[in-house]
Amino acid sequence: MRLVILDNYDLASEWAAKYICNRIIQFRPGQDRYFTLGLPTGSTPLGCYKKLIEYHKNGDLSFKYVKTFNMDEYVGLPRNHPESYHSYMWNNFFKHIDIDPNNAHILDGNATDLQAECDAFEKKIKEAGGIDLFVGGIGPDGHIAFNEPGSSLVSRTRLKTLAMDTILANAKYFDGDLSKVPTMALTVGVGTVMDAREVMILITGAHKAFALYKAIEEGVNHMWTVSAFQQHPRTIFVCDEDATLELRVKTVKYFKGLMHVHNKLVDPLYSMKEGN
Amino acid sequence: MRGGQGAARAPVIQFTNCRILRGGALLREDLWVRGGRILDPEKLFFEERRVADEQRDCGGCILAPGFIDVQINGGFGVDFSQASEDVGSGVALVARRILSHGVTSFCPTLVTSPLEVYHKVLPQIPVKSGGPHGAGVLGVHLEGPFISREKRGAHPEAHLRSFEADAFQDVLATYGGLDNVRIVTLAPELGHSQEVIRALTALGICVSLGHSVADLGTAEEAVQSGATFITHLFNAMLPFHHRDPGIVGLLTSDRLPAGRHIFYGMIADGIHTNPAALRIAHRAHPKGTNTLSGSIAPMDTCVRHFLQATGCSVESALEAASLHPAQLLGLEKRKGTLDFGADADFVVLDDSLHVRATYISGELVWQVEEARP
């Protein structure tokens, strides 16, 4: 893996956004060649989305030939509920960019047949040629998407019941009222994300530090599902200083020492203006 | 939201680079319009999977709901109360000219007049949708003749009336019918007025109190009978008195029916009302304030003056000219708001609240000179 450590949240968000920007532009997307991006929600990626929007508004990055697949969506929450992941993606990303609505895929938590919806989602990913870059976050319990502790590391898109840790973490979005938080969600599986050609995990904040430690310094374990990516050939973990608080000094020093190599991935920052 | 058959195929226009008045706040959001109505872009994206057909850059301006003037007696040389063969042209002229003031809907107002005038004029002022031809006519505001002699102001004394025994029939006979009528201003101290108020309210007509010497008790009774508006607060009524605040006391009365909201119009032109009085009223009852032009100062001038005199927020001043009149007339789902599904009647304002452009049903109906091609 690459472990990219930036000083703070803003710098980590910016690094991640630059990386995504460069990957898309270097891919040279076009009419017969779409770049497929897996996308997360939550508070961690907000800074990254803001930077991507900035690059778009500056004319440096277009999403015209990008297809997106979100990781998850709550079950039973109306699509236009302010806390649904559809609302999140619309307000924080889609409404600010030029993506074709037909290419923005999010699981429908109100489908009549939820498993069929999940199967159809897997099929759409396959038909799109697989995911080029899957961006994700990590839960305080070490989960990727809603693959809660105990999820199979080869799982596919399916219905999951949320763990108490996750419900507690999400309560802040529902006026702190636990009874209002959805208890079920549709989520891509660990296996689904592992199929992506490249994976980037964003982790910021001290409250995620223990999960990061478990994910990269301990073994592959279904109790900390992000650990599965130790077996992926191309994973990048982008984090801030606070997220490294539970790691060994040795690990942190090693990867900080590699920053000059990591930074070659984002510098120079490409632009579609140069007719790439 | 669809505005009707075929509206789904109508072009989607996205107004960008603007701040819109929504939910009482100025938000940095785009305004989406289709088929003459405000559109929910999130629904468009996820359900119809469509984007805008056209984007229009608003240059950082404020987009507010179109202003609604519920009391305008004429203007530009036209007097609605003048019995003429062609009242329609006069109304049309005013309707077109007030577009430049940001007014997208209005109630042509007739002052106290002889029966013949009502019978001749009223049928010539039908309710009409707005458009490039002019602001929409919501219905006529009949200010008089059932008002107080003492507080008639400029109304002709000879044509004042009081209610006869069969009061409602008297009303019908006087006006010749209530078909195009939206608001009636009367003095509630007149005998039989309570039954008239009840009858008019039952017909869906807004009853307003004004040109009156009523005390607070009488005014409260009128509200209990259905009155919901006060015509040009402070003007043509008894002044506030600490032992009997009169009609002005309705702003803070605790004897109004539960859940009922009293609205009041103020002519905020810097002449009819002292700024301190504007402030007292607005602070006492901010949700009820309606700015009126009363055909003297243009509506946008009144909004600016009201903002400056009361020191209220821009949002409050804009709502006083749009949302509150719409609420008064029970139209707040379609007018006076930029909520999804509402009619796309809106005004483009610069930061000092000068009108740059006016839109009705999503169509540009007026813009400032230098913007024209």
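Contact here means heavy atoms within 4.5 Å. The model is predicted.

**Exercise 1. Describe the interface of chain A and chain B: its residues, its buried area and its polar pairs.**

Step 1. Count the residues. Chain A gives 12 residues to the contact and chain B gives 11.

Step 2. Take the area. The size of an interface is often stated as the accessible area lost when the parts come together. Between chain A and chain B about 1,100 Å² is buried, with 59% of it from carbon and sulfur atoms. On the chain A side, A:R79, A:W90 and A:P101 lose the most area to chain B, together 60% of what that side buries.

Step 3. List the polar pairs. There are 5 residue pairs in polar contact across the interface, both residues at pLDDT 80 or more. The salt bridges number 2. One of them joins B:E29 to A:K95, with the closest N and O atoms 2.9 Å apart.

Step 4. Helix α3 (residues 85–92) of chain A supplies its largest share, 3 residues. By class, this side has 6 nonpolar, 4 polar and 2 charged residues.

**Exercise 2. Determine whether A:Q230 is buried, partly exposed or exposed, and find what its side chain reaches.**

Step 1. Locate the residue. A:Q230 sits in the loop between α7 (209–216) and β10 (235–240) of chain A.

Step 2. Classify it. A:Q230 has 38% relative accessibility, so it counts as partly exposed.

Step 3. Find its partners. Beyond neighbours within four places in sequence, A:Q230 contacts A:A215, A:I216, A:E218, A:G219 and A:V220. The C-alpha atoms of A:Q230 and A:I216 are 7.0 Å apart, across 14 residues of chain.

Step 4. Check the side chain. It reaches the backbone oxygen of A:A215 at 2.6 Å. A polar atom of the A:Q230 side chain also lies 2.9 Å from the backbone oxygen of A:E218.

Note on methods. Residues are numbered from 1 along each chain as its sequence is written. Chains are lettered from A and ligands numbered from 1 in the order in which they are written. This is a predicted model: local features need pLDDT of at least 70, side-chain atom pairs count only at pLDDT 80 or more; totals for chains, interfaces and linings use all residues. Side-chain values use heavy atoms; hydrogens and water are left out. Helices (H or I, at least four residues) and strands (E, at least two) are DSSP runs, numbered from the N terminus. Buried means under 20% relative accessible area, exposed over 50%, partly exposed in between (1.4 Å probe, protein chains only). A polar contact is a pair of N or O atoms within 3.5 Å; within protein, one must be able to donate a hydrogen and the other to accept it, and residues adjacent in sequence count only if both atoms are side-chain atoms. Buried area is the accessible area (1.4 Å probe) that two parts lose on being put together, summed over both. A salt bridge is a side-chain nitrogen of Lys or Arg within 4 Å of a carboxyl oxygen of Asp or Glu. Ala, Val, Leu, Ile, Met, Phe, Trp, Tyr, Cys and Pro count as nonpolar, Asp, Glu, Lys and Arg as charged, and the others, Gly among them, as polar.
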